[in-house]
Amino acid sequence: MNTASRADSAPIVSVRDLRVTFNGGKKPVSAVNGVDLSVARGETVALIGESGSGKSVTLRSLLRLHPERRTRIEGRIEVAGEDVLALGSRALADYRGRVASMIFQEPLLALDPVYTVGQQIVESIRRHERISPAEARKRALELFERVRIPSPERRLDAYPHEMSGGMRQRAMIALALACRPQVLLADEPTTALDATVQIQILLLLRELQRELGLAIVFVTHDMGAAVEVADRFAVMYAGRIVEEGPTREVIRNPRHPYTLALMQARADGAMEKGARLASIPGAPPDLAQLPTGCAFAERCTFVQPACLQSRPEAVELGGGHRARCLRTDATAQAVAQSARATANTSILLTETA
Amino acid sequence: MIFYLLRRIVYTIPIMIGVAFFCFLLVHISPGDPLVSILPPDASIELQKQLMKLYGFDRPWFEQFATWFWRALHGDLGTSIASGRPVAAEVMRAVGNTLMLACMATLIGFLFGGLFGFVAGYFRDSWVDRIASALSVLGVSVPHYWLGMVLVIIFSSWLMWLPATGAGPGGSGEWAWDWAHIQFMLLPAITMSVIPMGIIARTVRALVADILAQEFVVGLRAKGLTDLGIFMHVVKNAAPTALAVMGLQLGYLLGGSILVETVFSWPGTGLLLNSAIFQRDLPLLQGTILVLATFFVVLNLLVDVLQTTLDPRIQRS
């Protein structure tokens, strides 16, 4: 694959010091507070975090989908050489769907209910390319075959509500790929699906990514799903990326206490009958008034006075692995301890191999 | 689709029988003597009895109903007591006039109401929205017979642009689609359009605001559609409900224009009902109500069918 050779050169997605503030309510809400993110061609990066961590806001900023009047976006977003924040409205519409496109969490809500799926794909293709309706429909058919929808000819004429959940998500993926984008943004694409279908969709995404050399930014709160597809993990908390690195590395040696806590809070795998499910005490901070220090400090087991003074800078741990924490050593120790006590963490790795 | 259509038509049969029964009953339990308008005040008891027998008012009410309904099924609605002409012919002529007026009024109401509603929904909470909303509330609240009189004063008495009453230069003669006739229709049509305009504007505003808040609009934006492209999607999503409301409004206008038709002396069903009530012309009253009710039911059927074809989510089974 020639995409691999280019992967080392300039990243296709480059986000620098992204800050997103919503001004709709009484107080401005800082949903994203200085995110740096690079995605190489053909690479899949998973943005992981709980609700309100800013992962979806970051993703939607890449297409500038937030309501313009109530949102302030600062920083720099570059996708395939386009300065996204500087685009005019027409150029922005041309960019959306053609350079980068998006898969939504719930395709039933994200597709127009009164148009057939085929019509919506044809509309998308003809929006970006001068091509006849018949040709566009042929392309739509090919896309349906590509995402492996059975009897595609018939399904093109189906309305979204006439399809099953998994089928709809496949149609959504076909729609997103209609104009051969270079970057695919996936906003929790498997959350609304049941477990068996989730795996199928993840495998499909991974396969398409390899075939088409797509760069994928994959937002999820499900670590198991992220492990399936991602080359790299970026864990978000309170609008910042707190830990980032190659998937195996982050799973094996988490260095941020939040990442560790997230992994311990997973339900599947090592649950013994009667054992309590580990949870993270407390709640995420109020995004309308963030603490001056580390945002995770008040829920952190390794907290020190220094943590409350200022926001920790990223600590380089080698191999592209970095964490914004003063106590990476304490986390590393805890990981080593628990690895000695049980072999449970290895369960997380069964799929990465 | 044909099966669905057939079933819907069959469903209307019991509705129609019920409607006929109730309109017959309502007219009959109301007090007053139907023959008072044609009998001279000094008529003898014998003459009164003779006429009662002639019109069948002496028989029990259910027998009267059965006879009346059976004839109605064959298109015979009896004879008007006041004019002596067949009710069916009288009603059909009036229905034509009313239908024309109601269609014109609904069209005006739908065009302007839809426009106001769309603008208000798109620019929600802006000054445009406030003006459009205020206009629509005004439209629903203003008594339309009063508005009719005000319009007559302004456009007929002061400006002398439009005629005040009637349905054509020759009084209420043959209708033609030329300016000489259409100018008679403008004032009553505008007067009648005000209520549907307000209702449709409010419905469309709520619809548009609701549609714009849905996730699929973000989806449309994400695939690169411009505002115009998104507008087309909003229209198609709003159309089924907006059309349903329009259909119902047309139904109301067909039956509920008594006051406006009386103000403008428009020779439609409203004016006919008005005179039938005042002259206690029972056959005419029953016949008019039955025909209007039929229109309402048929219109509802049409709206339902249209909605089904526009919105694929409405089940046809």
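Predicted model: local features only at pLDDT ≥ 70, side-chain atom pairs only at ≥ 80, totals over all residues.
Which side chain meets that of Glu211(A) in a salt bridge? The partner is Arg146(A), with N and O 2.6 Å apart.

**Stop 1: helices α9 and α6 of chain A**

Show helix α9 (residues 195-212), which holds Glu211(A), and then helix α6, which holds Arg146(A). The two residues lie 65 residues apart, so that the pair links distant parts of the chain.

Then select Glu43(A), Arg232(A), Glu244(A), Glu316(A) and Arg322(A), which salt bridges with shared partners join into one network.

**Stop 2: the other part of α6**

Stay on helix α6 (residues 133-146) and select Arg137(A). Arg137(A) forms a salt bridge with Asp157(A), the closest N and O atoms being 3.2 Å apart. Asp157(A) sits in the loop between α7 (152-155) and α8 (165-177), 20 residues from Arg137(A). Both ends are partly exposed: Asp157(A) has a relative accessible area of 44%, and Arg137(A) has 29%.

**Stop 3: helices α5 and α3 of chain A**

Select Arg127(A) and Asp94(A), whose closest N and O atoms are 2.8 Å apart in a salt bridge. Arg127(A) belongs to helix α5 and Asp94(A) to helix α3, 33 residues apart. Is Arg127(A) buried or exposed? Its relative accessible area of 16% falls under the 20% cut-off, so Arg127(A) counts as buried. Asp94(A), at 26%, is partly exposed.

Over all chains, the count of salt bridges comes to 25.

**Stop 4: where chain A meets chain B**

Now show both chains. Here 24 residues of chain A are in contact with 18 residues of chain B. Select Pro113(A), Val114(A) and Glu123(A): they supply 26% of the area that chain A buries against chain B, more than any other three residues. Between them the two chains bury about 2000 Å², 59% of it on carbon and sulfur atoms.

Two salt bridges cross this interface. One of the salt bridges to display is that of Glu123(A) with Lys223(B), at 3.0 Å from N to O. There are also 11 residue pairs in polar contact across the interface.

On the side of chain A that touches chain B, α3 (89-95), α4 (107-110) and α5 (117-128) each supply at least two residues. The largest share, five residues, comes from α5(A). By type, that side divides into 13 nonpolar, five polar and six charged residues.

**Stop 5: chain B**

Finish by colouring domain 1 (2-68) and domain 2 (95-278) of chain B. Their centres, taken over C-alpha atoms, are separated by 35 Å.

Conventions. Residues numbered from 1 in each chain as written. Chains lettered and ligands numbered in written order. Heavy atoms only, no water. Contact = heavy atoms within 4.5 Å. Buried area = accessible area lost by both parts, 1.4 Å probe. Salt bridge = Lys/Arg side-chain N within 4 Å of Asp/Glu carboxyl O. Polar contact = N/O pair within 3.5 Å; in protein donor to acceptor, adjacent residues only side chain to side chain. Helix = DSSP H or I, 4+ residues; strand = E, 2+ residues; numbered from the N terminus. Nonpolar A, V, L, I, M, F, W, Y, C, P; charged D, E, K, R; others polar. Domains from an automatic or database assignment. Buried < 20%, exposed > 50% of the residue type's maximum accessible area, 1.4 Å probe, protein only.
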